[in-house]
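Hi everyone, thanks for making time. I'd like to walk you through one structure today, so let me put it on the screen.

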Amino acid sequence: MSSIILHISDLHVSLENKLDGERINNDSYLKIPNSKESSLHFIDKFINAAKAECLDKKIYLLITGDITDCGAKLEFDYALEYLNNIINELNIDKKDILLIPGDHDINRKAIEELKYSKEKISKEELNNSKFKNFKDFYFSLLDKEFDPNKVLFDVLNFENQILLLGINSSYEIDLEKTEGQINIEIFKKELLDVKNENDLKFIVCCHHNVTSSHEDKNRGQWEVNNRIRFLTTLEENGVKFIFSGNEHTSSCKRCHGDILVSDSGALSSIKWDSAFKIYELDNSENIILKNNIFALQKTGVNDDPYFWHD
């Protein structure tokens, strides 16, 4: 049986009912709770498309963040149902899943409450607070703990040839810092620990894009100085591949010299290109991953408004 990596990102399960004045996300097929039936239909269509492409293949699932829109518990509750449907229907083993948080999976209201409750807040307290809902969801889905105070928080072994490294690019984000940013010194130490235990090829997996295909800025949505240090650290350690999400544009391009970046695009965007990717392993001496893009085609027909196509 051959194996593939199924890469999805930016589901943005979004609350339709909010308090007056709060932003409501209208750019998602996964709106709740009033639109649950249409959301389930969207998930079913995705499952059918993935099944057709992954027939008789072992699936490793990579999810690069923004599962929800505002990190609310109710959004995570619905996301848990949708992702369990995907996992069960595609026969994915939970140990073969790498799940990464995005900036929309942070609960900013929890940050506000913490800031109003005490004068001095440690980084550990802040991360524990802003990621609490994600951490609970993570455990419910994968039956393991998420450590919000690690940068390199998890790994996924793909066929004993490639190690996917789960990077929390929302590590430094709070109410003032809004772009991707990590603690480089912590990351260097964690990366060294992983290197000492493995001799596989590494692919870094994170939410924030380090380059851009849609926006007219090469740095993507990563803090500019932190981005340079991050990419330099990867280069120094022989890491030449990044899988990311966030931009809502499916792409594959080089940056910082020889680092290849693959962005899956958003799974459920109405306004932008909805897409997912499948990476196939070519069992050659050099280990080549084939990059297959699947986009949502919008027909405008009431009974069948969209379908997935490669």
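I'll go through the aromatic rings, then the cores, then some helices, and finish with a glycine in a loop.

A word on where the values come from. This is a predicted model, so local features need pLDDT of at least 70 and side-chain atom pairs count only at pLDDT 80 or more, while totals for chains, interfaces and linings use all residues. Residues are numbered from 1 along each chain as its sequence is written, and side-chain values use heavy atoms, with hydrogens and water left out.

Let's start with the rings. A pair of aromatic rings is described by the distance of the centres and the angle of the planes. Here, rings of Phe, Tyr and Trp (for Trp, the six-membered ring) pair if their centres lie within 6.5 Å; planes under 30 degrees apart are stacked, over 60 edge-to-face, and the rest tilted. By that rule the structure holds 23 aromatic pairs. One of them is Tyr60 with Phe158, edge-to-face, at 4.7 Å centre to centre and 85° between the planes. Tyr60 sits in strand β4 (residues 58–64) and Phe158 in strand β6 (residues 152–158), so this pair ties together parts that are 98 residues apart in sequence. When I say strand or helix, I mean DSSP runs numbered from the N terminus: helices are H or I with at least four residues, strands are E with at least two.

For the cut-offs, buried is under 20% relative accessible area, exposed is over 50%, and partly exposed is in between, with a 1.4 Å probe and protein chains only. Another edge-to-face pair is Phe131 with Phe134, at 6.5 Å centre to centre and 65° between the planes. Both Phe131 and Phe134 are buried.

Ring pairs also build a cluster, made of Tyr29, Phe42, Phe46, Phe276, Phe294, Tyr306 and Trp308. Tyr29 is in the loop between β2 (14–15) and β3 (31–32), and is buried with a relative accessible area of 17%. Contact, by the way, means heavy atoms within 4.5 Å. Not counting residues up to four places away in sequence, Tyr29 touches residues including Phe42, Ser268, Leu296 and Tyr306.

Now the cores. A nonpolar core is a set of buried Ala, Val, Leu, Ile, Met, Phe, Trp, Tyr and Cys residues joined through side-chain atoms within 4.5 Å. The largest has 67 residues, and those with the most contacts inside it are Leu6, Ile8, Phe46 and Phe276. Apart from it lies another core, of 24 residues, among them Leu165, Ile184, Trp222 and Ile242. Going back to Phe276, its contacts beyond four places in sequence include Leu6, Ile8, Phe46, Phe294 and Trp308.

On to helices. The expected span is 1.5 Å times one less than the number of residues. Among the buried residues of α1 are Phe42 and Phe46.

Helix α6 (residues 184–197) has 14 residues and reaches 20 Å from first C-alpha to last, close to the 20 Å expected. Which of its residues are buried? They are Ile184, Phe187, Glu190, Leu191 and Val194. These cover an arc of only 125° around the axis, which puts them on the same side of α6; the arc is taken from the directions from the helix axis to the C-beta atoms. An α-helix has 3.6 residues a turn, so residues three or four places apart point the same way. On the other side of α6, Lys189 and Asn196 are exposed.

What covers the buried residues of α6 includes β6, β7 (162–167), β8 (201–205) and α7 (224–236). From α7, Thr233 touches Ile184, Phe187, Lys188 and Leu191, leaving aside residues up to four places away in sequence. Thr233 is buried, with a relative accessible area of 3%.

Last, the glycine. Gly65 lies in the loop between β4 and α2 (73–89) and counts as buried at 0% relative accessibility. The C-alpha atoms of Gly65 and Pro101 are separated by 4.4 Å, although the two are 36 residues apart along the chain. Besides Pro101, Gly65 touches residues including Ser9, Asp10, Asp105 and His207.

That's my tour, and I'm happy to take questions.
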